[in-house]
Amino acid sequence: MVSNPTLSTSIQPPPGPSAKLVLPSDTSTNTNTNPTIFNDAMIIRKSVFIDEQHCTAESEIDSDDARSWHWVLYDNSTASSTPVGVIRLVPPPQVPHAHVTEPPSAVAQGAPEYDWTHEPCIKLTRVAIMPSFRGLGLGRRLVETALEWAAVHAAEIDEAAAQIAARGESPITPIPWRGLVLVHAQVDVERMYTGLGFETDQSMGRWDEEGIEHVGMFRRVVLDK
């Protein structure tokens, strides 16, 4: 574990639907047009989720990446800043819970792409810390950073949801976001989220994502309007 690193955090606004986002690799130098901060986020996500946890590379970049905010935590202890932690904030709407708990064949039989019927929530996902920087509370720090930002940027979050609706993907006018936050937590970090004020929603059950058991947890932040 690294002792007393010098840290800073940078935010990547949503890259947008026209962005051509790719996994960074040694062979994609000429075709990688990722925004710099997003690319640093993907370096961490590739290392932690694909290389370490054996999640599939094909599913690591998804349709939420282009519409989400991304934070990268950097270690500035050396001459060059090193990305060591990441978190993603997905604005409303979220996909129905059946998309992650039911077989793809069941989802294909008519489940809507997004859930517009329940109170809108933001979702914190892709939280990852490089191994040598674990045990320093950096996961908590990233969650707190994202929540503090969200509390004062509700208008931007609502605009992101409105853009989805404007593309014809909503049957109704989006409801303003009122501070509800969702995480799909790996069970081994459920305690961390509990310490951050999240409560496990038992009605969501437990489910498997990429071979890892998850639970759904919610909390509400007070909006600074």
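**Close-up views of a predicted model**

The structure holds zero disulfides, a disulfide being a pair of cysteine sulfur atoms within 2.5 Å. This is a predicted model, in which local features need pLDDT of at least 70, side-chain atom pairs count only at pLDDT 80 or more, and totals for chains, interfaces and linings use all residues. Residues are numbered from 1 along each chain as its sequence is written, and side-chain values use heavy atoms, leaving out hydrogens and water.

**View 1. A57 in its loop.** A57 sits in the loop between helix 1 (36-52) and strand 2 (69-75); helices (H or I, at least four residues) and strands (E, at least two) are DSSP runs, numbered from the N terminus. Leaving aside residues up to four places away in sequence, A57 touches L23 and I50 (heavy atoms within 4.5 Å).

**View 2. R126 and its surroundings.** R126 belongs to strand 4 (residues 122-129). A polar atom of the R126 side chain lies 3.4 Å from the backbone oxygen of S59. Not counting residues up to four places away in sequence, R126 touches R45, F49, S59, E60, D62, V86, I87 and R88.

**View 3. Helix 4.** Residues 138-151 form helix 4, with 14 residues. Its buried residues include L138, L142, V143, L147 and W149.

Key: The expected span of a helix is 1.5 Å times one less than its number of residues. Buried means under 20% relative accessible area, exposed over 50%, partly exposed in between (1.4 Å probe, protein chains only). A polar contact is a pair of N or O atoms within 3.5 Å; within protein, one must be able to donate a hydrogen and the other to accept it, and residues adjacent in sequence count only if both atoms are side-chain atoms.
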